[in-house]
Amino acid sequence: MEFTVENFTRPLLRYYDAHRRILPWREDPTPYHVWLSEIMLQQTRVEAVRSYYTRFLTVLPTIRALAEAPEDQYLKLWEGLGYYSRVRNLHKAAAVIMETYGGEMPRTAKELLTLPGIGAYTSAAIASIAFREAIPAIDGNLLRIFARLTLYEGNIKENAARKAAEDMYRPLMTERPGDFNQALMDLGATVCLPNAAPHCESCPFHSVCEAHRRGCEQAYPKVPEKKARRQEKYTVFLIRDAGKLLLHKRPDKGLLAGLYEFPNAAGHLTQEEALQYVRAFGFAPLRILPLPEAKHVFSHVEWHMTGYFVMVDELHPFPEKSALFPVGLKEIQNVYSIPSAFAAYRKAIYGIDEEAR
């Protein structure tokens, strides 16, 4: 099937005009807003991003504000979104934009690609939406739609598939390139679904889609079988005295680099092993309570956690260069960014404390 402006682009844009999702970054698509939203939306659901997007812009409303923000501030604003390298690269790129481009976002996908944290998809999304460059923003949605429309038999994760999809879409972007990309994103998110039966009756391409015509929509796209995630066990500690809780700063490299966490040990410790762990810091435990089990899934590893709340007589300070340090509860709320991997234990701080009293 040959796709044209008449049988593809215009039906797509009519669909978008009638059904587009109302999203805050679409209502005010300045380059900074588009950039921020696209970075937040990587690996994160739209509904989860809404509140983060608004909060982030309230505190850091401009590229200059982001470039000048201290690390703990922008990490705290990102707390819970995960993949923290995204916000670190946002900050680095903001500094480059201030120093190299006079505070104005570069206008082409080629220039945007030179900024930290901006790859082929993000550069195309920003360039098309904010600056109307006719370049396809090839993400999973666009690849899935392409594969079903054309019965693409290759591995959709390979560069050849991305190139084939781009070659199909690019000549069709004769009108409203930003809306063209966003329409396909919406179509993939709400109609041409990845892990469920697609709603083909609502699709503007149902009469020209090869997979729909043959009734094999869910056989496409072709993807390699995922490797099983590695599983790791940890015991998490909420170690408290009357007014403070012990935190640990993770190393600057590796998983959750440079973020704050509750002290933890490899394996699932017994209560007696947990008390020995706390005493090894020089603390005198007054009371210990078990905490619920929790699991957190990363892209390549799963953490299976258990935990203990331990009330101690006093949290003494550690040497200046130590990664361990006591902090007040308000500082945990307002200053230190604790990854969502520890969300279950962060929620337990206050309730368990009351029980311990």
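In this predicted model, the cavity count comes to one at a threshold of 30 Å³ or more. The volume of the largest cavity is about 120 Å³. Fourteen residues line the largest cavity, and R148, C192, C200, C203 and C209 are the closest to its centre. Helix α10, residues 140–150, supplies the largest share of this lining, with three residues. By class, the lining divides into 10 nonpolar, two polar and two charged residues. Rolling a probe the size of a water molecule over the atoms is what shows where empty space is left.

Helix α7 was examined next. The helix covers residues 85–100, a run of 16 residues. At 1.5 Å a residue, α7 should span 22 Å. Several side chains of interest fall in the buried set of α7: R86, V87, R88, L90, H91, A93, A94 and I97 are buried. The cover over these buried residues includes four helices: α3 (31–41), α4 (46–59), α5 (63–68) and α6 (71–78). G102 follows α7 and has a positive phi, near 60°.

Backbone geometry was then considered. Most residues other than glycine have a negative phi, and most peptide bonds are trans. Y83 has a positive phi, near 50°, and is not a glycine. Y83 is located in the loop between α6 and α7. The relative accessible area of Y83 is 40%. Buried requires under 20% and exposed over 50%, so Y83 is classed as partly exposed.

R176 is likewise a residue other than glycine with a positive phi, here about 45°. Its place is the loop between α11 (159–169) and α12 (177–190). R176 has a relative accessibility of 34% and therefore counts as partly exposed.

The peptide bond between Y220 and P221 is cis, with omega about 0°. P221 sits in the loop that runs between α13 (210–214) and strand β1 (230–240).

Methods:
Residues are numbered from 1 along each chain as its sequence is written. This is a predicted model: local features need pLDDT of at least 70, side-chain atom pairs count only at pLDDT 80 or more; totals for chains, interfaces and linings use all residues. Side-chain values use heavy atoms; hydrogens and water are left out. Helices (H or I, at least four residues) and strands (E, at least two) are DSSP runs, numbered from the N terminus. The expected span of a helix is 1.5 Å times one less than its number of residues. Buried means under 20% relative accessible area, exposed over 50%, partly exposed in between (1.4 Å probe, protein chains only). Contact means heavy atoms within 4.5 Å. On a 1 Å grid over the protein atoms alone, a cavity is a set of points where a 1.4 Å probe fits but cannot get out, and a pocket is an open set with protein on both sides within 12 Å along at least five of seven lines; lining residues have an atom within 4 Å of a point. Grid points are joined across faces, edges and corners, and a volume is the space filled by probe spheres set on the points. Ala, Val, Leu, Ile, Met, Phe, Trp, Tyr, Cys and Pro count as nonpolar, Asp, Glu, Lys and Arg as charged, and the others, Gly among them, as polar.
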